[in-house]
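Here are a few notes to read alongside the model. I have put them as numbered points so that you can follow each one in your viewer.

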Amino acid sequence: MIFDVDGVLTDGTLLYGPDGETLKAFHSFDGHGLKMLAASGVPCALLSGRRSRAVELRAAELGIEHVLQGIEHKLPACEELLKQTSLEMQDAGYMGDELVDLPVLTRCGFACAPREAPEAVRERVHYVAGAAAGRGAAREVCELVMRAQGKLEPALRKYLA
């Protein structure tokens, strides 16, 4: 499962610090969802048009191995990533929020978007999250995938023991 960053794992707001560094706010709900999904056997990757040290740090914290940043044309990067992992486009899911994500969204096996995505994106995906971008939309998708694979309830049992 591949996730865009700005507007998916964040609310899309771009903040710049006094030295020009990009600041991003990530929600713990989404991070835990990605960790649960990966633990269930579905590898996660990040694919972003921007470069940010904050994304590197967040990905490391979550144990996400595949982090592609500064990618202007996402489809070729996605295809190369999938080739490296021996997967086909129809075997991958992608969550994106913007028009630049459409080349991947319209070719992957499971396309999803947060509710704030433009209509042109929302009408071309398989699933639109009810939760807000950067506030649980990615978590919702992670749990949806796990539920569809019969892995959500077993994963929840460890918290209920």
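**Notes on salt bridges, cores and a cavity**

1. Let's start with Arg-53, which counts as exposed at 54% relative accessibility (exposed means over 50% relative accessible area, buried under 20%, partly exposed in between, with a 1.4 Å probe and protein chains only). Helices (H or I, at least four residues) and strands (E, at least two) are DSSP runs, numbered from the N terminus.

2. A word on the source: this is a predicted model, where local features need pLDDT of at least 70 and side-chain atom pairs count only at pLDDT 80 or more, while totals for chains, interfaces and linings use all residues. Residues are numbered from 1 along each chain as its sequence is written, and side-chain values use heavy atoms, leaving out hydrogens and water.

3. Now have a look at Lys-74, which is buried with a relative accessible area of 5%. Its side chain meets that of Asp-101 in a salt bridge (2.7 Å, N to O). Asp-101 lies in the loop between strand E6 (93–95) and helix H4 (102–105) and Lys-74 in helix H3, so the pair ties together parts that are 27 residues apart in sequence. Asp-101 counts as buried, at 0% relative accessibility. Shared partners join Asp-4, Lys-74 and Asp-101 into one network of salt bridges.

4. In the salt bridge between Asp-4 and Lys-74, the closest N and O atoms are 3.1 Å apart. Asp-4 sits in the loop between strands E1 (2–3) and E2 (15–16) and Lys-74 in helix H3 (residues 74–84), so this pair links parts that are 70 residues apart in sequence.

5. Which residues have the most contacts inside the largest nonpolar core? They are Met-1, Phe-3, Leu-9, Leu-34, Leu-37, Leu-46 and Met-95, in a core of 26 residues. Such a core is a set of buried Ala, Val, Leu, Ile, Met, Phe, Trp, Tyr and Cys residues joined through side-chain atoms within 4.5 Å. H1, H2 and helix H6 (137–148) each give two or more residues to this core, and H6 gives the most, with 6.

6. Lastly, the lining of the largest cavity includes Leu-9, Asp-30 and Arg-58. On a 1 Å grid over the protein atoms alone, a cavity is a set of points where a 1.4 Å probe fits but cannot get out, and lining residues have an atom within 4 Å of a point. H1 gives the most to this lining, with 3 residues.

Key: On a 1 Å grid over the protein atoms alone, a cavity is a set of points where a 1.4 Å probe fits but cannot get out, and a pocket is an open set with protein on both sides within 12 Å along at least five of seven lines; lining residues have an atom within 4 Å of a point. A salt bridge is a side-chain nitrogen of Lys or Arg within 4 Å of a carboxyl oxygen of Asp or Glu.
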